[in-house]
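Trainee: I would like to go through this model term by term. Please set each value against its definition.

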2 protein chains.
Amino acid sequence: MSAAQDTAGGEAQPWGEVTPDAARRLLLAAVEAFAERGYHATTTRDIAGRAGMSPAALYIHYKTKEELLHRISRIGHEKAVDILRTAARAEGGPAERLAEAVSSFVRWHAGGRTTARVVQYELDSLGPDARAEITTLRRQVDAEVRGIIEEGVRTGEFDVPDVRGTTRAVLSLCVDVARWFTIDGDRTPEEVGALYADLVLRMVGADRTGTVQR
Amino acid sequence: MSAAQDTAGGEAQPWGEVTPDAARRLLLAAVEAFAERGYHATTTRDIAGRAGMSPAALYIHYKTKEELLHRISRIGHEKAVDILRTAARAEGGPAERLAEAVSSFVRWHAGGRTTARVVQYELDSLGPDARAEITTLRRQVDAEVRGIIEEGVRTGEFDVPDVRGTTRAVLSLCVDVARWFTIDGDRTPEEVGALYADLVLRMVGADRTGTVQR
């Protein structure tokens, strides 16, 4: 978590890079509106109002409501790729890096659950061009995790009969944290991240080969 | 799958029990509308129109839009409890029953993904009374799976340091199938169900104790 990140409702937001300030405030307002009411029930007027701006001021930054969703989705997916790529390229063996990928991805989905829900559940609301761009980013997300698992299989540390299906299951487990996690629950994002890292190491058979010391 | 179940868009629907026919058609129309546009962007007029009925005809069966969502959510959750309870009470040891619970729950979420998405993503749109009822059903869903895992721990077949967290992870993995599964994908619901049963047995350590022959 960098100090440049905004927070809204106690959640970490990946919008620190968005400038100017008005453009960032509008993105935050759009995330909140889409999460509460859904994309189709939200108007650009609603979003401008939440940001304390006029509809005319919104149009300076975003031409359409879809452009806001596209921007939110792109930033969310780029951040996902960044988190997983950082873990994949870290020091250590495949088990250590898979554990780090899972725990950091889980922490991000728990901490930024409102954004994550919008990003995941409103994909069908994107137009064809935006959808194609996001699909490319989703393939990169998948490839980062698959790469670690493939390496673990090569080195003999993992035992994974179905690498593609297991990769999808691992990512699915992490993403769904955004659906059920609440700040009032009995665990912190860090605790869920640690549990899920252990569960995923079991899924890939990393704890059975005897080669992993953790 | 019983012959009494309706299908829409190739998906199994748990609405066979809903009578009369007009009430069932309205529920199906509501599921489709909520899935496409979201609860808040859907009007009772939209739903009636999709079902080929007038708004007045809709009000004979459902007083409000929320009543439709409540009914959909209740039926969906009752079916979930039924699927898991059936698996939990079947013959065999905990590993066999957990595998059956996971594979049947996955098949249902893949086959009925549109309904499952509405049920899972529109929970916040329910009023307090409906929400309380659904929360009770969700506790039953959790309890069925937790019961199997606890039994496996007691018998020594499973090795699970965190039963509550693992139960939630198992259910989460199954539920999220509704988000990513598409009929154009590379696997059938049955294939995903079989893979996930294996992954979950790994998560609970059932394949490491040497007591399970599968």
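Mentor: Start with the count between chain B and chain A, which is six salt bridges. This is a predicted model, in which local features need pLDDT of at least 70 and side-chain atom pairs count only at pLDDT 80 or more, while totals for chains, interfaces and linings use all residues. Residues are numbered from 1 along each chain as its sequence is written, chains are lettered from A and ligands numbered from 1 in the order in which they are written, and side-chain values use heavy atoms, with hydrogens and water left out.

Trainee: Why is the pair A:Arg168 and B:Asp186 called a salt bridge?

Mentor: The term requires a side-chain nitrogen of Lys or Arg within 4 Å of a carboxyl oxygen of Asp or Glu. For A:Arg168 and B:Asp186 the N to O distance is 3.5 Å, so the pair qualifies.

Trainee: What makes A:Glu151 and A:Arg97 a salt bridge?

Mentor: Their N to O distance is 2.8 Å. The pair links distant parts of the chain, 54 residues apart: A:Glu151 lies in helix 7 (residues 128-155) of chain A and A:Arg97 in helix 5 (residues 94-111) of chain A. Over all chains, the search of the whole structure finds 32 salt bridges.

Trainee: How do you know that chain B and chain A are in contact?

Mentor: Contact means heavy atoms within 4.5 Å. By that rule 34 residues of chain B are in contact with 34 residues of chain A.

Trainee: What is the area buried between chain B and chain A?

Mentor: About 3000 Å², of which carbon and sulfur atoms give 49%. Buried area is the accessible area (1.4 Å probe) that two parts lose on being put together, summed over both. B:Arg168, B:Arg179 and B:Arg202 supply 22% of the area that chain B buries against chain A, more than any other three residues.

Trainee: How many residue pairs are in polar contact across the interface of chain B and chain A?

Mentor: Twelve, with both residues at pLDDT 80 or more. A polar contact is a pair of N or O atoms within 3.5 Å; within protein, one must be able to donate a hydrogen and the other to accept it, and residues adjacent in sequence count only if both atoms are side-chain atoms.

Trainee: Which helix of chain B gives the most to the side that touches chain A?

Mentor: Helix 8 of chain B, with eight residues. Helices (H or I, at least four residues) and strands (E, at least two) are DSSP runs, numbered from the N terminus. The residues on this side of chain B divide into twelve nonpolar, six polar and 16 charged. Here Ala, Val, Leu, Ile, Met, Phe, Trp, Tyr, Cys and Pro count as nonpolar, Asp, Glu, Lys and Arg as charged, and the others, Gly among them, as polar.

Trainee: Where does UniProt place the "DNA-binding region"?

Mentor: The unreviewed UniProt entry puts that annotation at residues 43-62 of chain A. Such annotations may be inferred rather than shown by experiment. Over residues 43-62 of chain A the chain is 70% helix and 0% strand.
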